[in-house]
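We will begin with the whole chain and then select a few residues one by one.

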Amino acid sequence: MAEHHLPPEPADERHHHHGGKAAVHADDLKPGGRRRRYGYYYGGGGDAYGSADPARTLCFVVLVVILLAGITALVLYLVYRPSRPDFAVTSVAVYSLSLNGTTTAGAASPGAVPGAGAPATLAASFQFTLVIRNPNGRSAARYDRLAAYVAYRGEPITAPVPMPPLVQDADSAVAVAPVLGAGAAAPPVPVSPDTAAALATDVSYGVVALRVVLLGRVRFVSGPFRSGWHSMYARCDLLVGVRKSVQAAAGGGGAAAGPEAPLLGNPTCAVDM
């Protein structure tokens with residue numbers, strides 16, 4: 001069947017219908033006619049929305065870069081994260097251990113401990129063999145500003161002794177043997193009367209609980225990566241058999257004939273960074 005179309009109206013008559021409004025043309029009712037008429041709002045909206053596409057793309061690229069950088073940093077941290085060094089005490093020598101100029105072996109008696117009016121001082125000298133192990137397989141360790149001292153019942157009984165800087169390769173161990181305290185050659189260290197009495201009692205039994213403290217700072221180096229300096233506080237608690245060495249020191253005028261002292265049990269060490 002042939003299609004029937006309404007005759008086109010004159011342009012001037014369209015504007016007289018419906019109070020001067022333009023009449024709806026038959027072509028507007030055809031499929032696609034409205035899209036062509038209003039194509040400016042849908043198809044031609046590139047000027048309104050297209051300007052946001054570069055900004056969205058830039059934000060997306062920045063987010064991807066940040067995400068990749070975060071993943072890379074996390075992987076590097078997990079791979080190169082340094083572990084704390086390990087410390088162990090393998091041997092000890094007692095060169096001097098005297099209270100107020102008298103060996104603590106004789107201070108076990110009540111008359112040997114200083115009275116309330118006399119300040120208690122202790123002259124002690126030890127040598128400890130410390131084994132420092134770097135457990136990091138990819139990072140070398142650098143130690144600086146090292147100092148060590150010996151404490152008894154929470155009180156230092158030797159003055160802090162500075163130690164030279166130390167460089168340690170990855171996954172390696174090194175042994176150091178500092179002499180802590182100078183005995184009679186240095187001014188005695190003041191201690192409380194309770195500490196002096198307790199030390200005299202422990203020496204009379206032949207077992208003294210000591211703590212070796214090592215202070216300093218450490219940093220780790222792995223290729224181009226360098227960590228900052230970390231403060232280090234290491235301490236090792238150990239039981240030392242001192243009766244024989246101290247008695248030998250008493251018989252030898254204050255110099256121990258056999259300074260090697262046995263380590264009782266397993267010394268425990270802890271490190272804070």
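## The whole protein

Colour by secondary structure. The protein has seven helices and 15 strands. Here helices (H or I, at least four residues) and strands (E, at least two) are DSSP runs, numbered from the N terminus.

A word on the model before you click. It is predicted: local features need pLDDT of at least 70, side-chain atom pairs count only at pLDDT 80 or more, and totals for chains, interfaces and linings use all residues. Residues are numbered from 1 along each chain as its sequence is written, and side-chain values use heavy atoms, with hydrogens and water left out.

Now show the surface. The accessible surface of the protein is about 16700 Å². Carbon and sulfur atoms hold 60% of it. Such areas come from the Shrake-Rupley method with a 1.4 Å probe; for residues, only the protein chains shown count as cover.

How much of the protein is buried? Of its 273 residues, 31% count as buried. Buried means under 20% relative accessible area, exposed over 50%, and partly exposed in between (1.4 Å probe, protein chains only).

Next, think about contacts, meaning heavy atoms within 4.5 Å. Take those in the protein with a separation of 6 or more: residues 24 or more positions apart account for 75% of them.

## Stop 1

Select arginine 145. You are in strand 4, residues 140–152. Is arginine 145 buried or exposed? It counts as exposed, because its relative accessibility is 61%.

Move to aspartate 171. It lies in the loop between strand 7 (166–168) and strand 8 (172–176).

## Stop 2

Select methionine 232 in strand 13, residues 230–241. Methionine 232 counts as buried because its relative accessibility is 3%. Show what surrounds it. Leaving aside neighbours within four places in sequence, its contacts include Pro85, Phe87, Tyr143, Leu146 and Val218. Draw a C-alpha to C-alpha line to valine 218: 6.6 Å in space, 14 residues in sequence.

Now select tyrosine 233, also in strand 13. Tyrosine 233 is partly exposed, because its relative accessible area is 30%. Not counting residues up to four places away in sequence, it touches Arg211, Val213 and Ala270, among others. Which residue lies 38 positions from tyrosine 233 in sequence but 5.7 Å away, C-alpha to C-alpha? Select valine 271 to see that pair. Valine 271 is also one of the residues in contact with methionine 232.
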